Structures are given as C-alpha cells and as structure tokens.
Amino acid sequence: MLRSMKQKFGSKTTKGNSVSRDEPAPVQNSRQAVASTSGISGRAGSISRNNSLPVREKIPRPRSLDPTSAQQFYADTLPSFRDVPNSEKQILFIKKLHLCAFTFDFTDQSKNVREKEVKRTTLLELADYINQKDGAKFTESVADDVIFMLNNNLFRALPATKSHDQDNLDPDEEEPTLEPAWPHLQIVYEFLLRYVCANDTDAKVAKKYVDQSFVVRLLELFDSEDPRERDYLKTILHRIYGKFMIHRPFVRKAINNVFYRFVFETEHHNGIAELLEILGSIINGFALPLKDEHKSFLHKALMPLHKPKCVGLYHQQLAYCVTQFVDKEPSLAEPVLGQLLKFWPLTNSQKEVLFLGELEEILEMTQATEFAKIMVPLFKQIAKCLNSSHFQVAERSLFLWNNDYIVTLVAQHRQVILPVVFNALESNARSHWNPAVHGLTSNVKKVFQDMDLNLWRECEAHYQQEEAKQRSLREQRQKQWQQIEKKAAQRQAAMQHL
C-alpha cells in the first residue's frame, strides 16, 4: 500500500530552489495546464530578469467590487496584449488584473452572463501573457495588484458541509459538492501556481505579499468539498513551502493547528488527506538526526489523527507519514507502536483492518531491540484480533505471519510471544466460524511448530492444564449454584407450611 507512495515522493529537490535541512521532496504535480481548449499552455518559468518593463504610473484600483461597479468596469472593453506596444503591456496587465478582481454569482446562470464570459476570456489572456518569454511579468511593481486579484477571487466563505461521523457514511458513494465558480477559479489557481513558480518572482520581495496571513487563508480553503480545488491547493502550498524558506516553520505549525482542531474539536475536515500528502513530501526531506520539533510533531499531531472515526478517508497518507519517521529514525518504532495501541479501535472493525496494515509496515522497519520493548502489549492486542468474530480482522492479523521479517522477529522472541498468542490460535482452530480463518490458523500453528516443537508442546500442555482447571472451576461453580437453588427451594417450602 505505502510502497507506491514512496515512489511518488522522491528525495530530489525542486529545480531552482536551494537545498536546506527541511527541503521537501517534490510532491507529484498533478496540475496539468488548463485544457488546451481554454488557451493555456506552456510554463511560467525561464523568464529573464533583465527585460523587466517598468510601470509608468500607478493604476487606481476599483473603489468597490459590487455589481454596479462591475457593470461600469465591464462596459468598456480592454485591448488585447497583441494590440499594445511593449512599453504599455504592464499597464494593461494591471488593468486586466483589476478587471478580474470582480466576482460573480454562479448559482444563477442568468446573471451577468456577458461579464462572466469577459472575465473568463481576460483570465485566459492573463495566463497566456505570463507564459510569454519576452520579459519579466511578476515585478515588484505589480505584486500588490496580483495579490489583490487573487485575494478577491480565492478567499471566500465555504458552504456548510456534511459531517464525516455519520454512521452510514461511504466516501466512495458520497458525491462532493462542486464549486459552481470553477470555470473562473481554475484559471485563477493556475495563475497563482505560475506566480509562485515563476523565476521572476523574487521570494525576498514576494514574501511581503505571500505572507503568513495568505498561507493561513490558503489552509482554510483546504476544507472545500471540491476535490479539484484541493488538488490545486496541495500543489500550490507545496511550491510555497519550497520557495519561501522563511515560511517553512510557520507552514508546519499552521498545518499542526488544523490537525489539532480536527482531532480535538470538529472531527470534520475535507482536506486532511491532501495536507498529509504535502507533509509526506516534507518529512521525506528532513535531515538526520531529526529535530525535537519534528519528533514532537509526530507524537502530538500525527499519531492522534488515528483517533477520529473517519480515519479511513486519509489513512493511506497518514500511514506513509508515520512510516517515514520510523524509516528515518528506527528508535521511534517503540513509542509509535505504543501510541498506535493506545488509539486501537474497540468496536470499529474497518479501522482495525487499517491499523493492522499500518502495523505491518511499521514492523518491517522495526529493529530487534525496539521490537523487544513493545512485543508483549503488541501481541496481546494481536491475540485479541486473532479471536475477532469479524473474519476480515482475524484474517488480516493472521496475514502478519506471511511477512518473512516479522516471522524472523517472532522466532527470536518465540519464548515470550508463543505463550501470548497460543490460546487465541487454539480457540480459532476449534471454534471460529470462518473456514478461511481456520486454514490460516493452521498455517500459523505449523510455523510455530517448525520454529520450536518442544515449546509448542509445552504451551499445548499448559493450555490443556488451564482448560482442565477452568472446567473444574465451572463444575464447582455449577455445584454451588445447585446447592443454593436447593436451599432456596427448601426455604420456600418451609415458608409455605407456616
């Protein structure tokens, strides 16, 4: 499950960014340019700094962005970039940015039809213009206007969403609520992505505009139900983390705060999987030895994410992040497994299956010394899973013995582990209702017998003694109840004669 994600996140750094201690490995960029039918193509990079065109005058912004002002601004048509000389293109660029700062109601398709189409066409022009390699586009003089347009389009109140803790929630069947303004928002997100990635966007200058407040508002948008929007946000936030090194500690802290609120307050957030995917890339780039800050993040932010009922929506990404920590520093295996046992579900069989899969991944990276510290409570829990009446839980726990490395660890400590799981294995072999579980149990019994037949016979003899003892206790208890019932009947008869 998680090996495919490890292939997805590499250890190479993004071209153009310097390598640092917390440099994130590149997340797979699922962002393709807006479809060719919309007129966007090419890259925003490789723009020469030496051909920057100065803006001659400060273009006034719209004083108001209400519908009346929109009609006034959209009354006159701005010329195309091809129709103005190079010396005037940056001025026209700012005017078009101001024009695109207006937003429209897409819930009513009959409103502002002309203005919506003009804005869409203008956004496509802007995207095409910033792709051209005839000079720097994102100079300091236009940065404020770029952020003005982005702020007014992107940062908005998200509609109320359904709760993830519904008993019958099936994420595969639930249809997400798509953003009605996506025809405009998609191009705006593509514009922002190219602004962040562009070579002529100087991080030292742009950090005044792409500041902490901007990052926090981007993180709020991760709660959007539209997966297309979250996918863009994932790529953009990762690029911001890579380019703006000064913001890296703040980005990690802000994501932590999102997790805290999700786990301890709301248990609802649509973008946890995407945020974990970003963190998977960031963790992959952590240098060794790990900082205490990073270990604290693992224990206080990542591990509690196992608690919510809806963990299945993001468990794959969460397990990848956790195993990355253990892979980098094997000494973390024991506390991580301890916390995993702490959050082990009692009545949710689907979560148990997920936890068992993650447990196997962690054990594959666990050294023998760390395994010895946690093996007793660990295999007590596995023994409970072996006896689960839910066949998938019992089956998944028995599959652990198909892993050669885990079998090697168990063989080294068989004197301790076999007595812990023996009763569960015998109980399965005698009374479990599922035939597949019976077959797997027989295989595991054979593995232990091949390891140490004498130890198996000792455990078997001890089990039979315990069975005889329990049988004797049951018989004694039954006799006592019979005596009590007899005395009660005698007393009742005596009372009737009085």
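Leaving aside its neighbours within four places in sequence, which residues is phenylalanine 379 in contact with? The first legend gives the answer, and the others visit further parts of this predicted model.

**Figure 1. Phenylalanine 379 and its contacts in the predicted model.** Start by finding helix 16, residues 368–386, where phenylalanine 379 lies. Once neighbours within four places in sequence are set aside, the contacts of phenylalanine 379 are Phe371, Trp401, Val410, Ile417, Val420 and Val421. Phenylalanine 379 counts as buried because its relative accessibility is 2%, and buried means under 20%. Now look for leucine 418: 39 residues separate it from phenylalanine 379 in sequence, yet their C-alpha atoms are 9.2 Å apart in space.

**Figure 2. The whole protein chain, for orientation.** Here you can pick out 21 helices and zero strands. The chain has 498 residues, and 48% of them count as buried. Among contacts with a separation of 6 or more, 78% are between residues 24 or more positions apart. The accessible surface is about 25,000 Å², with 49% of it belonging to carbon and sulfur atoms.

**Figure 3. An aromatic pair between phenylalanine 138 and tyrosine 195.** A pair of aromatic rings is described by the distance of the centres and the angle of the planes. The count for this model comes to 23 aromatic pairs. In the one shown here, the rings of phenylalanine 138 and tyrosine 195 are edge-to-face, with 5.0 Å from centre to centre and 75° between the planes. This pair links distant parts of the chain, 57 residues apart: phenylalanine 138 is in the loop between helix 4 (113–131) and helix 5 (140–154), while tyrosine 195 is in helix 6 (residues 182–197). Both residues are buried. They also belong to a cluster linked by ring pairs, together with Phe81, Phe93, Tyr129 and Phe191.

**Figure 4. Two lysines over aromatic rings.** One ring belongs to phenylalanine 81, and the charged end of lysine 96 sits over it, 5.5 Å from the ring centre. The other ring belongs to phenylalanine 106, with lysine 116 over its face at 4.7 Å from the ring centre.

**Figure 5. The buried residues of helix 8.** An α-helix has 3.6 residues a turn, so residues three or four places apart point the same way. The buried residues of helix 8 pack against helix 5, helix 6, helix 9 (227–243), helix 10 (248–266) and helix 11 (272–284).

**Figure 6. Leucine 302 in the largest nonpolar core.** In soluble globular proteins, nonpolar side chains tend to be buried together. The largest nonpolar core here has 131 residues, and Phe259 and Leu302 touch the most other members. Helix 6 supplies the largest share of this core, ten residues. Not counting residues up to four places away in sequence, leucine 302 touches Phe259, Leu276, Ile283, Phe297, Leu318, Cys321 and Phe325. Another core, of five residues, lies apart from the largest one and includes Ala70, Tyr74, Leu99 and Phe102.

**Figure 7. Threonine 441 in helix 20.** This helix spans residues 435–451. Is threonine 441 buried or exposed? Threonine 441 counts as buried, because its relative accessibility is 0%. Its contacts, leaving aside neighbours within four places in sequence, are Leu398, Leu425, Asn428 and Ala429.

Notes. Residues are numbered from 1 along each chain as its sequence is written. This is a predicted model: local features need pLDDT of at least 70, side-chain atom pairs count only at pLDDT 80 or more; totals for chains, interfaces and linings use all residues. Side-chain values use heavy atoms; hydrogens and water are left out. Rings of Phe, Tyr and Trp (its six-membered ring) pair if their centres lie within 6.5 Å; planes under 30 degrees apart count as stacked, over 60 as edge-to-face and the rest as tilted. Helices (H or I, at least four residues) and strands (E, at least two) are DSSP runs, numbered from the N terminus. Buried means under 20% relative accessible area, exposed over 50%, partly exposed in between (1.4 Å probe, protein chains only). A charge sits over a ring if NZ of Lys or CZ of Arg is within 6 Å of the ring centre and within 35 degrees of the ring normal. Contact means heavy atoms within 4.5 Å. Accessible areas come from the Shrake-Rupley method with a 1.4 Å probe; for residues, only the protein chains shown count as cover. A nonpolar core is a set of buried Ala, Val, Leu, Ile, Met, Phe, Trp, Tyr and Cys residues joined through side-chain atoms within 4.5 Å.
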